[in-house]
Amino acid sequence: MIDSNLSATPSALPALAAALGNSVVWQAPADPLHAPIAAADNFVTIVLSCEPENLPLVVRTLTEDADFRFAAIIPCEEGSSFIVAYWFYRSAGHLRVKLRVRVDAAAPTVPSISAIAHAADWHERQAEDLFGLIFSSHPKLGDFVLHEQWREGVNPMRRQFDHAPLATDADPPMPWSPETILETPGAFVMPIGPVYSDYAESAQFFLETVGEDVVRMIPRFFYKYRAVEKLAEGQSIAQVLLKVERFSGTSAVAHAICFSQAVEQITAVDPPPRAQAIRLLLAELERIRHHLSVLSDVCHSTGMIVPSAQVDILEEQMLRLSCRIGGHRYLYGLVIPGGLRRNIEDDQLQLLADEVQRLRSQAAELFSQLQFTSSFLDRFEGVGITPLEKTKNLGLVGPVARASNLAGDLRIAMPYGYYHHIPAFPEALETEGDGYARIRVLFHEIDSSAEIIRATALSIPPGEHALTALTLAGGEALGAVEAPNGAAFHGVNLAPSGTVRRLALITPSFTNWHGFHLAAENFAFQDFPIMMATFGLSMAESDR
Amino acid sequence: MANWFFSGLFSRVVTTRYPASPEIAPGTTPGRPVGQQANSELAASAAAAMCPVGAIGAHGRDTTVTLSQCVHCQACRQQPGIAWQNDYQWAAAIPPSDSHRSQPVPRAFKKSLHIRIVDGGSCDSVLNEIKQLGKPFYNMHKLGFFITPSPRHADVLMLTGPVTRHMEAALKATYDAMPHPKWVIAVGSCAISGCVFGSDLMTALHSPPIVPIDVVVPGCPPPPLAILHGLMILAGREGELPPEPAIPVVPADPELRKVTSPEMSP
Amino acid sequence: MSVPEIFLLLGLAFSIGGAIVLPLLTETLVPRALAIFGSAAAACLLATSALLLLGHSSLTIHLVTLPLLGTLRLHIGGLSAFFSLTLGISFLPAYLFSDGYMRRYQGHFRTRNFASFFLLLLPTCFMVLAAGDVITFLLFWRIMSLLASLTIVLENTREPVGPAGYLFLSMNEAGIIVVTVALLIMAGFSGGHIGFAAIAASMHNVSAPWRWIFFLMLFFGFSTKAGLVPVSSWLPRAHPLAPANASAILSGALVNFGIYGIIRFVAILLPSTGPLPGLIVLIVGALSALIGILFATIESDIKKMLAHSTIENMGIIAVNIGMALVFTAEHLPVLASIAYIVALYHMLNHSAYKTLLFLGAGSIDQHVGTRNMNRLGGLLKRMPVIGATFLIGALAIAAMPPLNGFVTEWLTLQNILRSEEIPSALCRVIFALCGTGLALGAALAVTCFLKAFAMSFLGMPRSQNAADAREADFSAKAPMLALAALCLVLGVGATWIIPGISRAVPQLADHHATAALVPPFFAAHPPNPPFKPQFISGFKTIGAGVGAGVIPARGLVILHQGGKSNPVVYAMSTFYMAIILALIMAATWVMIRLVCRRSRAAIGAPWAGGMRDLAPEMTYSATGFSNPVRVIFQTFFSAGQREDSKVAVESHFRTAIRREQSDVYLFDRIFLAPIAICAVAISRLLARIHRPSVVNAYAAWVFVILLVALVVNRLL
């Protein structure tokens with residue numbers, strides 16, 4: 001057992017090393033007992049490798065004893081074998097663990113860890129579909145990312161796929177039906193989608209029910225799968241940046257920062273402070289706008305037309321503000337590796353500060369009015385509860401996790417960029433885990449983001465807005481950013497020539513959709529859109 | 001509840017007056033790059049070379065911008081040889097090709113068009129911009145455009161995104177479920193050209209496209225006013241638009257998705 | 001010998017002859033022979049009762065005079081004839097239906113024995129109705145119960161069938177034992193005369209407490225047979241397990257005997273003791289109606305659902321009888337007559353549509369192989385005639401105009417509104433509450449039968465068997481078509497039926513009821529009371545007189561007048577409704593043809609959200625359709641049903657959620673189970689005495705009891 005409250009990094013390493021014992025090989029830092037840790041480092045990345053059979057034990061030690069949170073599974077094909085990288089992180093001591101497992105590509109079987117860290121479930125299913133990795137003892141593999149028109153055994157992320165003729169379509173498509181588990185006479189499923197509702201993104205839900213009350217929900221995603229990770233392979237950083245920004249346009253800044261962060265880690269450069277500060281402002285502006293958009297959907301889902309319209313007005317004002325200061329309503333094209341594409345002048349930042357302050361008071365007033373609207377609260381209180389224990393086990397992130405009292409805001413847990421330099425702000429935690437708690441978290445975050453902008457906008461350091469040039473280097477890194485929906489991780493592997501060899505996008509929507517079934521359980525059918533709205537997740541971000 | 005009634009009642013009207021008069025509020029549109037005459041042939045070809053998506057072409061000293069491929073990355077914003085124009089009326093009608101002949105929108109439909117959106121794998125910002133159309137600032141309902149959840153009630157299919165393989169069948173089913181006469185409007189550059197997500201692997205870049213497109217609204221994402229412009233063109237209500245730029249008409253297939261924007265003189 | 005007597009003898013001959021001949025035939029001939037003999041017998045008995053009813057005559061036959069007991073006689077009066085008419089309506093189609101239906105049992109079960117019992121059931125039933133004295137009545141009643149339980153157990157190798165037969169027999173026995181005791185005591189009061197008439201005469205001298213005892217024993221004894229609450233749970237457990245032709249009889253004809261008993265003995269024999277007995281009948285009826293239809297609505301076994309609905313309909317009949325008793329006690333004879341007419345009319349209707357629906361359910365069972373509506377669907381395309389006739393039956397039982405169910409439900413509710421004429425406030429409140437219950441029941445009946453039809457016949461087939469089903473043969477179609485036509489006729493011809501019933505049972509419903517319900521709009525000079533000339537002419541100006549002189553009837557409009565404080569006249573005419581409906585449908589058809597002449601309809605797949613293929617398990621199931629009712633009445637059902645939920649989890653993944661519902665049978669648990677446990681305990685105790693090892697003790701017991709008996713005799 002390791003004392004997880006250790007804050008000093010150097011003393012944490014020996015304890016971890018002792019707990020893991022011989023089951024792993026330490027690769028970096030090579031000597032955990034005497035590792036030189038620079039105080040300026042934001043975080044320490046521990047690289048371990050282990051044999052596949054030791055994997056469950058190591059993961060159990062990391063997640064259960066050492067209090068690490070699961071971040072990602074990033075497989076990468078290298079020659080005739082797979083390197084499966086398991087990423088974990090911990091706020092205490094600002095540690096990241098990269099656990100490398102090497103398996104033979106001819107017989108790629110790895111033990112499943114989703115029974116230990118349930119958050120890994122979808123990562124494993126995704127890797128099975130795209131890479132053909134077999135996760136032994138995982139009960140639910142197959143048909144996840146790739147739908148029925150894909151032949152079994154076609155794994156588009158494999159190298160061999162590129163050389164094979166493009167005959168992916170199973171013709172006719174294989175019959176597919178959701179895996180129902182409700183064994184009650186007369187039970188049936190209500191299918192929703194993929195084309196449904198007014199503005200909804202493409203996704204499909206099967207509600208298992210015996211009528212009236214829905215017992216559970218079976219999601220079917222990846223209708224919007226554009227294979228962004230595959231398309232990125234072999235492309236230049238500039239090309240990939242376009243995709244990273246655009247695969248989920250409402251969180252463009254966060255993902256651009258995340259990707260740039262990873263590239264900057266590989267090339268070992270720090271963007272100038274002004275660029276970092278402006279990035280922070282843009283990210284917080286985006287968070288405000290994103291949360292307003294979610295709140296608009298929330299109000300709309302209960303038919304509260306007036307509050308919905310009030311929030312809509314604020315949202316459009318933020319869109320216009322973004323366009324005025326950044327030239328684009330969704331702030332595309334500003335963040336680039338090494339800084340910003342263009343400077344944002346001080347008078348523009350003044351405008352930003354003023355407008356956001358105005359919005360802040362309006363949002364606060366709106367919130368106080370909503371809190372006294374019983375017809376509004378009735379629809380959210382006790383609806384779609386995500387219990388803390390399960391939230392933790394599923395590794396949920398962002399406002400959804402915070403509504404269940406699960407801390408983990410990366411801006412606080414693992415501060416990056418300019419977040420080191422701003423005054424501490426509290427994490428918006430709530431305890432109930434229901435729809436109303438999620439709404440409160442959104443309002444609180446709008447408020448704290450506005451406060452951050454107020455405190456930062458007028459005192460950002462002068463200087464260059466970007467590095468003049470980026471020295472190309474090969475390597476791999478994990479970018480970690482708190483996107484509006486929660487923690488986003490970008491695994492970037494660059495070739496020495498500067499082209500992207502492998503891109504892995506671990507998005508908060510992907511993480512949180514995995515936990516949506518916690519809320520969508522034993523509910524009345526009419527609450528389904530309300531629960532969807534309070535989760536506020538993006539399908540584009542999840543499907544990639 | 002009474003609070004909401006009064007707070008709604010006493011809220012300022014924010015709805016745009018477009019198309020009765022041009023919208024001039026700042027921040028409604030990111031604008032767009034337009035080709036112009038560069039100082040030298042070298043400058044023109046440099047402009048063409050720096051565009052990461054190849055939307056800029058150089059012909060001698062002239063540059064052209066293929067708006068349907070532009071992703072609004074702002075890279076060319078201060079580039080010599082490229083002008084940046086802060087307008088939004090850039091939707092374009094596609095003249096019917098031989099294979100597809102949709103009739104003009106009849107009189108009865110002009111002020112009541114019902115739209116079914118099909119998300120073919122778009123990023124959510126396009127959908128968010130479409131959503132803004134139904135919200136106070138743009139309020140397309142006053143112009144007679146409505147979003148309907150069922151294709152059975154829809155006259156127009158609004159397509160967004162590059163149409164992923166997984167959405168192909170659903171898009172077709174939706175189009176087939178719509179009653180005649182029906183029209184298709186493609187919103188966003190990726191719905192027109194596939195853009196940065198266009199690939200043989202996961203998106204269906206069919207030529208001819210899965211559904212015949214009548215009007216395109218390029219942009220990444222196109223601002224709400226551009227989409228509204230596209231809808232006005234679709235409904236054949238060009239006469240009601242503010243007399244600004246001419247309606248670009250593009251040549252017919254086979255390069256249907258490559259819509260060139262009109263040459264704008266600086 | 002009169003003509004009815006000849007038909008009667010012929011009918012008996014066909015049945016008994018058939019029952020003797022059938023066991024000798026080879027099994028392949030049995031269904032056809034059963035159909036021929038049975039339908040001939042049923043037709044003859046139908047003719048007998050029809051002739052008696054039309055001729056307003058009665059038939060009395062002295063059977064035999066027994067020493068000590070007196071003369072056993074048959075007396076077929078109006079009431080008996082009317083009930084035997086409902087017998088015929090149910091039996092004739094059921095026998096015809098047997099021809100095709102019984103073939104499914106060949107080689108698996110003993111169809112010859114079943115056919116004999118089934119054939120003998122008709123004459124036995126007839127004899128129960130014809131009985132003119134207590135002994136004959138009880139004797140044939142018991143034979144009837146025995147034969148009926150024997151028909152239930154045809155599929156005796158299937159698990160719940162044997163117990164179901166015993167359950168039926170034991171519940172019927174329990175009821176009739178109570179009735180037997182009551183009737184024998186009553187016969188004792190009449191000085192040992194066992195004739196009904198003699199008992200009736202003697203009852204006027206009986207004191208009120210005894211009348212109360214008789215009422216309670218007779219009513220609850222017979223209500224067991226009718227399946228009224230609280231003793232109703234046996235009915236949905238026993239009726240659905242019989243073969244469909246027998247189920248049709250059990251629900252279409254045999255439950256009527258409970259009603260017959262109540263009317264014959266409670267309403268006619270016992271003099272009134274005030275409104276309270278009537279209120280008890282009313283409350284029991286309303287509760288039965290509501291509980292029956294609630295359970296029917298959530299049931300997905302089509303035959304069980306019909307059985308629950310039988311309880312509902314018996315409840316409606318009981319409500320009318322209860323109202324009649326109260327109105328009689330309150331000296332409102334016209335209203336009482338109306339209530340009796342409605343009770344009998346509703347029973348007639350119920351026999352027609354319930355038989356029809358059970359035959360439909362049997363056809364489905366035969367051709368699909370399941371009665372579970374969750375596994376049916378889309379049968380209308382495959383079984384169009386069965387589907388159309390089932391639809392008519394479902395509309396009729398859901399009280400949709402212009403079909404027969406509507407007429408009686410309308411009249412029942414109107415009658416309840418007339419409770420304002422009763423002086424007692426308590427009575428009015430109870431009437432109002434019962435009326436609310438009935439109205440709710442009527443609404444639920446629509447849900448229930450909408451579900452029954454839609455889930456069976458519309459949508460996608462939810463099983464391969466349903467997809468492979470084929471149309472039933474002529475022997476199923478013909479009786480169902482006839483019954484569907486009968487439902488329509490009984491509805492449209494209400495203005496003929498009401499006077500007919502009133503003439504048939506003058507001791508219950510006098511001609512004032514007819515005059516009040518069916519005013520003589522067609523008469524050129526209507527008799528003055530009860531309608532004023534201006535009232536009649538007022539109606540004639542809006543068309544109530546149309547058809548006079550052409551259509552032989554009193555009129556085509558049924559009226560229900562409000563009382564003194566509520567002088568509103570409610571008028572209704574199913575005949576005109578039918579004509580208008582037909583006109584609207586024809587006009588719509590013509591319009592569609594005219595408008596759509598040039599355009600052609602586009603036929604496409606249903607919109608399913610862009611899914612690739614919509615599977616049947618993604619469409620509404622029968623359970624799902626009615627589940628809102630279950631959720632709304634959660635508290636009610638939680639008393640009668642238990643829900644078990646189990647979740648299987650395997651390393652964070654749930655692999656199964658099992659939810660099962662089982663019926664609790666509250667009344668059985670609270671009242672019948674202790675009786676059964678006591679009975680078992682006593683018989684155990686007695687069995688111990690019987691043990692051969694203690695034969696001496698057994699002999700000693702005999703001696704002791706003899707001694708005790710002698711002492712007791714001495715002391716008394």
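Q: Buried means under 20% relative accessible area, exposed over 50% and partly exposed in between (1.4 Å probe, protein chains only). Why is C:S626 called buried?

A: C:S626 has 2% relative accessibility, and that value is under 20%, so the residue counts as buried. This is a predicted model, in which local features need pLDDT of at least 70 and side-chain atom pairs count only at pLDDT 80 or more, while totals for chains, interfaces and linings use all residues. Residues are numbered from 1 along each chain as its sequence is written, chains are lettered from A and ligands numbered from 1 in the order in which they are written, and side-chain values use heavy atoms, with hydrogens and water left out.

Q: Where is C:S626, and what is in contact with it?

A: C:S626 sits in helix α25 of chain C, residues 622-632; helices (H or I, at least four residues) and strands (E, at least two) are DSSP runs, numbered from the N terminus. Contact requires heavy atoms within 4.5 Å. Apart from neighbours within four places in sequence, C:S626 is in contact with C:T297, C:I298 and C:K451.

Q: Which other residues of α25(C) are buried, and what do the buried residues pack against?

A: Besides C:S626, the buried residues of α25(C) are C:A622, C:T623, C:G624, C:N627, C:V629 and C:R630. The buried residues of this helix pack against β9 (188-192) of chain A, and also against α12 (275-298), α18 (425-457), α26 (634-640), β5 (641-650) and β6 (653-663) of chain C.

Q: What makes A:E148 and A:R220 a salt bridge?

A: A salt bridge needs a side-chain nitrogen of Lys or Arg within 4 Å of a carboxyl oxygen of Asp or Glu. The closest N and O atoms of A:E148 and A:R220 are 3.0 Å apart, which is within 4 Å, so the pair qualifies. The pair links distant parts of the chain, 72 residues apart: A:E148 is in the loop between β7 (134-136) and α4 (159-163) of chain A, and A:R220 is in strand β11 (residues 213-220) of chain A. With a relative accessible area of 9%, A:E148 is buried, and A:R220 is buried at 4%.

Q: Why do A:E430 and A:R440 tie together separate parts of the sequence?

A: Their side chains meet in a salt bridge of 2.7 Å, N to O. A:E430 lies in the loop between α14 (410-413) and α15 (435-457) of chain A and A:R440 in helix α15, so the pair ties together parts that are 10 residues apart in sequence. A:E430 counts as buried at 11% relative accessibility, as does A:R440 at 10%.

Q: What makes A:F70 and A:F88 an edge-to-face pair?

A: Rings of Phe, Tyr and Trp (its six-membered ring) pair if their centres lie within 6.5 Å; planes under 30 degrees apart count as stacked, over 60 as edge-to-face and the rest as tilted. The rings of A:F70 and A:F88 are 5.8 Å apart, centre to centre, with 75 degrees between the planes. The distance is within 6.5 Å and the angle is over 60 degrees, so both conditions hold. A:F70 belongs to strand β3 (residues 69-78) and A:F88 to strand β4 (residues 81-90), 18 residues apart. Both residues are buried.

Q: Why is C:F219 called buried and C:F220 partly exposed?

A: C:F219 has a relative accessible area of 0%, so it is buried. C:F220 has 30%, which falls between 20% and 50%, so it is partly exposed. These two also form an edge-to-face pair, at 5.1 Å centre to centre and 65 degrees between the planes.

Q: How many residues of chain A are in contact with chain B, and how much area do the two chains bury?

A: 70 residues of chain A are in contact with 64 residues of chain B. Buried area is the accessible area (1.4 Å probe) that two parts lose on being put together, summed over both; for chain A and chain B it is about 5,500 Å², 59% of it on carbon and sulfur atoms. The count of salt bridges between these chains is five.
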